[in-house]
Amino acid sequence: MSTSLQRKFVLPISVGAILLIICAAVTTHLGLLPDLRSQLHKRAELMLTTIRAASEINPQYQDLRLALEEITLQTSGVYGITLATLNPTIIWASSTHPDAELNKHTADMLALLESSAEQHLFGDFIQKNGDVIVVSPLRLFKKTPAQELESFADLVLPTGVEVSSAYTLQSDDYEGILYLRFNWAEVEELAYKDLVNDVLAITAAIVLMLVLSTVTVYQVILKPLNLIAQTIRSQNTGETDARTKQLTDDEIGVLGQSINEMLDALNARDKLLKAVVNHLPVGFALNDIDGKSLIRNEAYKTSYQSPSLNEEVRGSVLDKQARLQQQVISVGEAARYEEQLQSADSDRHYETTVFPVFNSKEDIEWVGTLCFDITEKKERELKLTQLYKAVESVKSGIVICLYEDPGFPIIYVNQAVTELTGYEPLELLGKNPRVFGSSSADRASLDKISHAIKTKTPCTVVIQNIRKDGTPFWNEFTLSVITDNNGKATHLVGVQNDVTERINAARKIEHLAYFDPLTNIPNRNLFNDRLTQALAEANRENKHVAVLYVDLDGFKAANDTFGHNIGDQLLKEVSLRMKQCIRDEDSLARMGGDEFTILIPNLSPEEELVNLPKVVNRIREQLSTPFEIASNIIHISGSVGISLYPKDGRTAEELLISADHAMYYAKESGKNTFRFFQPEMNRVIEKQQILESSLREAVHGKAFCLHYQPQVNLKTGAVEAEALIRCEHPALADLSPSVFIPVAEQCGLIDEIGVWVIEQACADLAGFIEDGSKINTVSINISPHQFKRHNLTEVIQRCLKQYQLAPSGLVVEITENVILDDYNTAREHLNELRDLGVSIAIDDFGTGYSSLTYLKQLPIDTLKIDQHFVQGLPENSDDVHIVKAIAGLAKGMGLNLLAEGVETEAQLAFIQDQLDCYLVQGFIISQPLDKASLKASDFYL
């Protein structure tokens with residue numbers, strides 16, 4: 001840098017100095033003659049002024065001559081001075097020119113003096129040899145200005161004399177003439193000598209200035225600049241801590257300090273840039289155009305240079321980037337590609353961009369690489385694709401709208417919306433969701449949707465919409481507001497589901513919940529609601545309310561006789577007839593089966609006494625009138641119980657219970673009548689409730705036991721036993737099973753009691769057999785309710801297996817009514833029991849509505865003659881004929897015959913002799929015995 005600055009700074013100064021000397025010399029030479037003439041004029045003026053001053057002091061020319069001689073001697077270049085009067089008469093003349101002759105000088109002077117005196121002419125004149133002559137008045141008398149001559153053509157001058165400048169005076173304005181002659185050659189020589197001396201002096205000064213400037217430039221400029229340049233070179237070689245030392249206080253020092261500060265800032269910025277680049281989540285690499293690596297940040301190292309990548313993968317990645325770098329350098333444009341790298345722990349997706357980096361000359365100097373890990377992006381894209389496919393494939397319609405636009409324009413609908421509404425997506429895009437709206441949509445649902453939009457909360461409504469073809473449908477619409485990360489609402493998402501079938505089904509279910517499906521009149525639920533409302537109104541208005549509880553007499557027999565279809569039609573006709581007997585404001589309801597209730601509100605005491613019996617009688621008359629259904633004439637009637645508000649109850653439940661109790665008493669009174677509720681009816685009901693409560697306690701505590709009544713074969717002596725339940729609860733100990741068993745059936749306890757009987761009977765039979773008793777077979781009675789259960793066979797089979805009993809040791813007794821109530825179910829269960837190996841007996845045969853067909857079709861082993869027929873033997877001829885018919889039927893069908901309830905010798909003899917029946921059960925044989933008594937009797941061993 002020093003040589004460069006010397007070449008660029010010191011040498012130009014030196015050359016400039018030399019050129020300055022030459023220019024000064026040339027300029028001096030070119031301006032020498034004019035300057036010499038000017039100097040001569042000034043010198044002449046000075047001399048004239050001196051001479052005039054001397055003549056003023058001493059008008060005598062004696063002393064004046066001395067002064068002129070002194071001036072001539074001391075003034076170089078003057079070699080002729082002449083002083084003359086106006087005549088002209090020469091007063092004094094002298095010449096110092098070495099080559100000039102005095103006479104010749106005088107002759108030239110006189111010629112010019114004469115011309116000057118004659119014309120009163122003064123001025124500057126040039127002789128032929130180049131001498132300069134100045135002619136001037138010696139002393140002026142007047143201060144009149146001279147008259148400058150502009151033209152010299154009319155002047156009379158000696159030969160060879162030229163005018164430089166001239167002026168004239170008046171003849172009486174001056175005293176004499178002074179003549180000065182300068183030797184031009186001598187003056188010019190002297191001038192050149194002065195020029196040379198001046199040039200030498202200037203050159204010396206310039207050389208000295210150059211030396212001082214060079215030293216100063218080196219010390220002040222070059223040396224500090226060299227230090228600064230050295231610092232910059234050190235920075236370029238990587239010495240980031242290099243700084244310029246020994247800085248001066250001048251501008252160069254300020255420059256160095258500024259450069260130091262700039263280097264500090266650059267280093268800080270470089271560190272910051274490296275830190276930022278190193279912490280970028282994006283991989284970054286920078287190479288020079290030769291492929292030399294300059295920068296590799298951590299993200300790049302953990303991606304393309306990750307240790308989890310095997311060498312082959314890393315090598316292929318670097319080769320691909322090297323090829324792309326050469327491509328980028330050749331075309332000058334960035335290249336972008338995606339790739340998937342398989343590592344030891346996972347597969348990662350990367351998006352790589354290789355791009356050129358230009359210098360200030362717009363040449364490619366570096367090549368950069370950006371590496372984006374787009375694994376999560378790819379996963380999100382996959383999820384979005386899956387989500388889009390899922391949204392498109394779901395059966396629910398999905399509608400997305402813009403939230404910020406007041407019109408909430410639709411921007412997306414899935415295929416399900418088209419299938420649901422009939423609108424194509426292009427028909428809906430940009431439209432307001434009201435396009436689905438219906439004029440019959442309820443205001444509450446619309447308000448709920450508006451509130452959800454304003455409050456940005458989700459909501460679900462069921463609203464009626466219209467399809468494109470105009471058909472309505474019920475839409476279960478769920479609205480959600482989508483917000484961004486700042487909580488600002490951006491979109492609305494609506495999910496549509498066609499719930500028309502569900503709504504219709506719900507309406508049907510609602511109808512079924514409040515209306516009887518067969519008769520289409522209110523059911524128990526709706527009746528209770530209406531009764532509750534009527535009671536509230538009656539309480540406000542001080543009115544009475546009547547509740548009628550109607551039970552159809554003879555319906556069960558008609559239903560069993562003519563079938564369920566006829567029975568259903570009969571119930572419909574009954575409801576129509578009873579509707580005709582009541583007012584529009586009254587309510588008729590079916591409570592279940594063949595039971596109906598009627599609500600008669602807003603009764604006054606007078607109407608209660610007069611009109612209410614009339615209404616009841618009309619109902620009885622209508623029900624008693626024969627019904628013709630499918631060419632069948634059916635006779636039924638109705639028993640009606642009546643309760644009144646507020647006398648018989650203040651709540652709906654109380655009134656219904658009271659009416660039910662009254663209806664029960666109407667049936668007990670002979671049917672086809674009505675009864676008003678009376679308080680004493682409650683006492684019977686209370687007794688029934690106490691019985692039910694005690695029975696529940698007995699079941700919970702298993703307060704039961706089995707008594708056994710022997711069944712003896714009089715011919716063979718074989719003994720069997722019938723298990724008869726007894727209750728040991730204190731409140732029920734004295735009650736016959738015929739009393740508490742119906743209660744158990746009504747309150748749903750019979751199943752649990754029946755299972756206990758089966759288990760206990762099997763356990764006892766196992767004990768009998770183990771003891772070697774005569775009793776190898778036990779009969780058990782099965783309740784109709786229990787028999788209808790599908791698990792009866794499973795219970796019996798489990799107990800037989802538990803106690804290791806042969807199925808033939810167990811006899812199941814059922815009444816014929818069980819068979820007639822549901823023949824198909826009965827046949828199925830009896831066949832299961834027969835397949836199990838259990839014997840089956842028909843108890844109380846002949847007391848029901850016998851149908852001899854089932855005797856032939858069902859797997860029955862034994863017929864038991866009911867004790868009511870046995871008790872009339874042998875006196876009652878009807879009983880005789882009946883039992884003989886039963887005996888003949890059993891014998892003819894190969895069934896066992898057992899007579900129960902035999903109490904007298906006459907009965908026993910008739911059974912043996914007349915019926916040829918040897919299986920007997922009754923008090924004449926033995927009363928029912930507890931297990932201990934049985935074991936102590938002769939029947940046991």
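1. Basis. This is a predicted model, in which local features need pLDDT of at least 70, side-chain atom pairs count only at pLDDT 80 or more, and totals for chains, interfaces and linings use all residues. Residues are numbered from 1 along each chain as its sequence is written, and side-chain values use heavy atoms, with hydrogens and water left out. Helices (H or I, at least four residues) and strands (E, at least two) are DSSP runs, numbered from the N terminus.

2. α14 with α18. Helix α14 (residues 524-541) and helix α18 (residues 652-668) have axes that come within 9 Å and cross at roughly 110°. Axes are lines fitted to C-alpha atoms, for helices over the stretch in contact, and angles run from 0 to 180 degrees between N-to-C directions. α14 and α18 are therefore roughly perpendicular to each other. Angles under 35 degrees count as roughly parallel, over 145 as roughly antiparallel, 65 to 115 as roughly perpendicular and the rest as oblique. α14 supplies Phe527, Asn528, Leu531, Thr532 and Leu535 to the contact, and α18 supplies Ala652, Leu655 and Leu656. Contact means heavy atoms within 4.5 Å. Six of these residues are nonpolar, two are polar and none is charged. Ala, Val, Leu, Ile, Met, Phe, Trp, Tyr, Cys and Pro count as nonpolar, Asp, Glu, Lys and Arg as charged, and the others, Gly among them, as polar.

3. α15 with α16. α15 packs on helix α16 (residues 564-579) at an angle of about 140°, with the axes 6 Å apart. That makes α15 oblique to α16. Phe555, Ala558, Asn559 and Phe562 of α15 meet His564, Ile566, Gly567, Leu570 and Leu571 of α16. The contact has six nonpolar, three polar and no charged residues.

4. α23 with α25. Helix α23 (residues 792-802) and helix α25 (residues 823-836) pack at about 15°, with axes 10 Å apart. α23 and α25 are therefore roughly parallel to each other. Thr793, Ile796, Gln797 and Leu800 of α23 touch His829, Glu832, Leu833 and Leu836 of α25.

5. Largest pocket. Its volume is about 1,800 Å³. A pocket is an open set of points on a 1 Å grid over the protein atoms alone, where a 1.4 Å probe fits, with protein on both sides within 12 Å along at least five of seven lines; lining residues have an atom within 4 Å of a point. Volume is the space filled by probe spheres set on the points, which are joined across faces, edges and corners. Of 40 lining residues, Lys556, Glu595, Tyr664, Gln746 and His785 are the closest to the centre. α19 gives the most to this lining, with seven residues. By class, the lining has 15 nonpolar, eleven polar and 14 charged residues.

6. Second largest pocket. The volume here is about 1,100 Å³. Of 39 lining residues, Glu722, Leu724, Pro737, Asn781 and Asp843 are the closest to the centre. The lining divides into 16 nonpolar, 14 polar and nine charged.

7. Backbone points to check. Most residues other than glycine have a negative phi, and most peptide bonds are trans. The Tyr645 to Pro646 bond is cis, with omega near 5°. Pro646 is in the loop between β23 (637-645) and α18. The Leu873 to Pro874 bond is cis, with omega near -5°. Pro874 sits in the loop between α27 and α28 (877-893). His120 is not a glycine, but has a positive phi of about 50°. His120 lies in the loop between α4 (102-119) and β3 (121-126).
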